[in-house]
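Please open the structure in a viewer and keep the selection tool at hand. The stops below say what to select next and what is to be found there.

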Amino acid sequence: MKRYLAEMFGTMVLVLMGCGAAVSLGCDNSVPSSVVGTAFAFGIAVLAMCYTIGGISGCHINPAITFGVYLSGKMSAKDAGYYMLFQVIGGLIGAAVLYILVVLAGGDLAGSALGANDLQTVVTASGESQQVSALGGLAAEFFFTCVFVLVVLGATSKTNGATNNFAGLAIGFALVMVHLACIRYTGTSVNPARSIGPALFAQLSDGHLTALTNLWIFIIGPMAGGALAALLWKVIDPETK
């Protein structure tokens, strides 16, 4: 139970700090500084949690990572299921706390959307604004999650020897890298638990009902990406016979 609670706490911190930074900075693709700040907030939150609860639960705080670890044969189905459940609960708590803070501070909920993931509007080469398609968003979440989970599996592998001690740094900066590349398309989830809570609370704002409508993209994409990462790691893992 302590491991499950650690996952809940870690995911709560990730959502509160990462999405909280997105709200505070008014994260927008057209404002590079807000994108960079949000990316580092998520990465630093993961880095901090790696060294806080890593020794307790391994600090997955992400169902896609847990799914990848399970498919790699490093944890039981029971543990994986409970990890995912408590991660989602932690994400809901983090989103609830952020929602309360925004409302109590008299903030514009419609403007912030609580950092909820959704298909982004991008400017084409012709200068026209166009929303990323559902297929494009799904592909982005799939591929970027695959890269992120592969980093996690590799960085925490025993085959890395002494460098295993620096896994938290690799994972944290990998998440920064993924955010910088992916925010343009989906706001970057690569983590279903990070997306579920903010999407549910964002629907309290009439202007962001699509965050809940498109939530399936941020569940299916990351989980499929985590599965592919597990498959790729089995292929290149030196310990795999």
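By class, the residues that line the largest cavity are ten nonpolar, five polar and one charged. Here Ala, Val, Leu, Ile, Met, Phe, Trp, Tyr, Cys and Pro count as nonpolar, Asp, Glu, Lys and Arg as charged, and the others, Gly among them, as polar. The model is a predicted one, in which local features need pLDDT of at least 70 and side-chain atom pairs count only at pLDDT 80 or more, while totals for chains, interfaces and linings use all residues. Residues are numbered from 1 along each chain as its sequence is written, and side-chain values use heavy atoms, with hydrogens and water left out.

**The cavity**

A cavity is a set of points, on a 1 Å grid over the protein atoms alone, where a 1.4 Å probe fits but cannot get out; its lining residues have an atom within 4 Å of a point. Rolling a probe the size of a water molecule over the atoms shows where empty space is left. The search of the whole structure finds one cavity of 30 Å³ or more. The largest cavity holds about 100 Å³ of space, where a volume is the space filled by probe spheres set on the points, and grid points are joined across faces, edges and corners. Select Leu14, Val46, Phe148, Leu175 and Asn191: of the 16 lining residues, these are the closest to the centre of the cavity.

Which helices each supply at least two residues of this lining? They are helix H2 (32-57) and helix H7 (167-186). The largest share, three residues, comes from H7. Helices (H or I, at least four residues) are DSSP runs, numbered from the N terminus.

Select residues 2-25, which form helix H1. These 24 residues reach 34 Å from the first C-alpha to the last, close to the 34 Å expected at 1.5 Å a residue; the expected span is 1.5 Å times one less than the number of residues. Just after H1 comes Gly26, with a positive phi of about 60°.

Now select Arg3 and Asp79. The two form a salt bridge, with their closest N and O atoms 3.4 Å apart. A salt bridge is a side-chain nitrogen of Lys or Arg within 4 Å of a carboxyl oxygen of Asp or Glu, and the structure holds one. Arg3 lies in helix H1 and Asp79 in helix H4 (residues 77-104), so the pair ties together parts that are 76 residues apart in sequence. Arg3 counts as partly exposed, at 35% relative accessibility, whereas Asp79 counts as buried, at 14%. Buried means under 20% relative accessible area, exposed over 50%, and partly exposed in between (1.4 Å probe, protein chains only).

**The cysteines**

How many disulfides are there? The count comes to zero, a disulfide being a pair of cysteine sulfur atoms within 2.5 Å. Cys19 is in no disulfide, and its nearest cysteine sulfur, that of Cys27, is 10 Å away. Cys19 is buried, with a relative accessible area of 0%. Cys50 is in no disulfide either; its nearest cysteine sulfur belongs to Cys59, 4.1 Å away. Cys50 is buried at 16% relative accessible area.

**Two positive phi angles in loops**

Most residues other than glycine have a negative phi, and most peptide bonds are trans. Stay with Cys59, which has a positive phi of about 50° although it is not a glycine. Cys59 is found in the loop between H2 and helix H3 (63-71), and it is buried, with a relative accessible area of 9%. Next select Val190, a residue other than glycine whose phi is positive and near 45°. Val190 lies in the loop between H7 and helix H8 (192-202) and counts as buried at 1% relative accessibility.

**Final stops**

Is Phe166 buried or exposed? At 52% relative accessibility, Phe166 counts as exposed. Its place is in the loop between helix H6 (134-155) and H7.

The C-alpha atoms of Thr66 and Val122 are separated by 32 Å, and the two residues are 56 apart along the chain.

Ser34 is buried, with a relative accessible area of 3%. From Ser34 to Ala21, C-alpha to C-alpha, the distance is 8.8 Å in space, and the two are 13 residues apart in sequence.

How values were computed:
On a 1 Å grid over the protein atoms alone, a cavity is a set of points where a 1.4 Å probe fits but cannot get out, and a pocket is an open set with protein on both sides within 12 Å along at least five of seven lines; lining residues have an atom within 4 Å of a point.
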